[in-house]
Amino acid sequence: MKKPCGPLDMISDLPNNIIENILIRLPISDVVGTSVLSRKWRYKWVTLPHLVIDNSLGKKLLERQGQLGKSELVKVVYRLLLLHKGPLVKFSIEVDELDNCPDIDNWINFLSNHEIQEFTLSRAKTDPYKLPSHLFTFQHLRHLKLRHCVLRPSDGFKGFNKLISLKLEEVIMDAKTIEWLVSSCSLLEQLIVTSYTAYGSIEIRAPNLIVFSLTGEFASISFKNTLFLEEVTVSLRHLNKYLKHKSSNLVKFVHSLPTVKKLYLEGYFLEYLSLGTVPKKLPIHFKNLEVLHIDEMDFSNLDEVLCALRLITSSPKLEELTIVAYAGDIAKDAIVEYFETQNLSHYSLKSLRLVTIEQISNFEPELEFIKFILANSPQLQEMKVIQSEDIVDEDELSMSRELLRFRRASPRAEIVMVE
C-alpha cells in the first residue's frame with residue numbers, strides 16, 4: 001500500500017458547507033487570500049453567500065497607500081462583487097474611511113439583483129449619504145443596519161415585509177418616517193435608533209416588536225399595539241423644560257408598556273417621566289418587569305425620587321435594580337422629610353435579589369433610599385454600593401458606618417462597598 005507523498009490536506013477535504021462556515025468567519029482580506037493556497041481553494045471564496053467588509057481592510061489599505069487607499073478600497077469592493085458567483089444573501093460594509101461617493105449607489109444597484117437578506121452600510125461622520133431608491137427594492141431583507149445616512153423611502157414603497165431587525169445610527173430622517181417605516185414592517189422584532197436629530201412626538205406601532213432602543217432628543221414617546229415588547233431602552237439627550245405637561249408622563253408611559261421585562265431609562269428620561277403630576281400610586285403594574293436600570297437619577301429632585309419609587313414598588317417581579325445617582329443640587333430636606341414622614345413599611349419588594357447603586361457620595365437622600373430598599377426586600381442577596389470618585393475619606397467612613405446600621409429584611413443580604 002502506497003503512503004502519501006506529502007502532508008495530508010485535511011481542511012481541503014472537509015465538506016463544502018463546513019469550509020464555507022470557516023470562511024465567513026474570517027476577515028475579507030484573509031478570505032480572498034485563501035485563493036493562493038492551492039488550485040482547490042482558488043475559487044472557493046467567490047461562491048460565499050456572505051460578503052463582509054470591515055474597518056480592518058480600510059485601515060490596512062490606508063497604512064500601505066495613504067489616501068490612495070480609499071480609491072483602492074472602492075476597487076476592492078468592485079472586484080468582490082464582480083467576481084462573486086451564486087447566491088448572495090448578506091452584504092456588509094462597515095468602513096469609516098468610506099467617502100460619500102456614487103460608487104455606493106452602483107453597489108446597491110448591483111445587490112438589488114440578488115435576494116439580499118442582511119444589509120449593513122456604516123460610515124464615519126463625513127457628509128451623510130443619501131440612500132438610493134434601489135435599497136427599497138430589497139424585498140427579502142431580514143436585517144438592516146445603517147449608519148450616517150439619509151433615509152427617505154421612495155414613492156410607492158410599501159415596507160420591508162420580511163424585516164425582523166432594524167438598526168439606525170445617526171440616520172437623518174423625521175419622526176413620521178420612523179413611525180411609517182416601523183409600522184410598515186409588520187414582522188419587526190428589534191428596533192434600535194440612535195440619532196442627533198430633534199424629534200417631536202414619536203409613536204411606535206409594531207405588533208411583533210420584542211426589543212426597542214431609542215437614544216436621541218424627542219418631545220414624547222408612546223407605544224401602541226406592542227404586546228410582545230420585552231426590552232425597552234430610552235435615552236433622552238436633552239429635555240425641553242419649557243414644554244407644558246398637563247398630565248403625568250409616567251402614567252402615559254406605563255400604560256403603553258404592559259409586557260416589558262427589562263427597562264433601561266437613561267439620560268434625562270427619568271426627569272421627563274417625572275414631569276406633570278407624579279401619582280401616589282400607578283393605575284397599573286409592570287406585571288412582568290424583572291430588570292430596571294435608571295441612569296442619572298437626581299437625588300435632590302423629589303419628583304424624580306418619587307417617580308423611581310413608583311416604578312420599583314409597582315413591579316412585583318422585579319429582581320435586578322441598578323441606579324446611577326446624580327446629586328444635581330444640595331437641596332435635600334423635602335426628600336429626607338418624605339422618607340421620614342411617610343409610612344413605607346407596607347411595601348414588599350418580594351422578588352428583588354440584586355441591587356447596584358452607583359456614584360454614591362454620602363448624600364442623605366441617597367442613604368434614605370438605600371435604607372428603604374434594605375428594609376423592604378426580603379429576598380435581597382446583594383447590594384453593591386459604588387462610591388463616587390469625588391467622595392472624601394471622612395464621608396466614606398461615615399457612609400460605611402451608616403449602612404451597617406440599617407435594618408435588613410433579608411438575613412442573607414450582603415452590602416458590598418466598591419471604591
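This is a predicted model: local features need pLDDT of at least 70, side-chain atom pairs count only at pLDDT 80 or more; totals for chains, interfaces and linings use all residues.
Reader: What makes Cys-149 count as buried?

Author: Buried means under 20% relative accessible area. Cys-149 has 0% relative accessibility, so Cys-149 counts as buried. Cys-185 comes to 1%, and therefore counts as buried too.

Reader: How do you know that the span of helix α12 agrees with its number of residues?

Author: Helix α12 runs over residues 393-405, which makes 13 residues. At 1.5 Å a residue they should span 18 Å; the end C-alpha atoms are 19 Å apart, so the two values agree.

Reader: Why do we say that the buried residues of α12 line one face of the helix?

Author: Those residues are Glu-396, Met-399 and Leu-403. Seen down the axis of α12, they fall within an arc of 65°, so they line one face. Here is a handy general rule: an α-helix has 3.6 residues a turn, so residues three or four places apart point the same way.

Reader: Which exposed residues does the face turned away from the buried side carry?

Author: That face of α12 carries Asp-393, Glu-394, Arg-401, Leu-404 and Arg-405.

Reader: And what covers the buried residues of α12?

Author: The cover includes the strands β16 (354-360), β17 (382-387) and β18 (414-418), along with helix α11 (364-375).

How values were computed: Residues are numbered from 1 along each chain as its sequence is written. Side-chain values use heavy atoms; hydrogens and water are left out. Buried means under 20% relative accessible area, exposed over 50%, partly exposed in between (1.4 Å probe, protein chains only). Helices (H or I, at least four residues) and strands (E, at least two) are DSSP runs, numbered from the N terminus. The expected span of a helix is 1.5 Å times one less than its number of residues. The arc is that of the directions from the helix axis to the C-beta atoms. Contact means heavy atoms within 4.5 Å.
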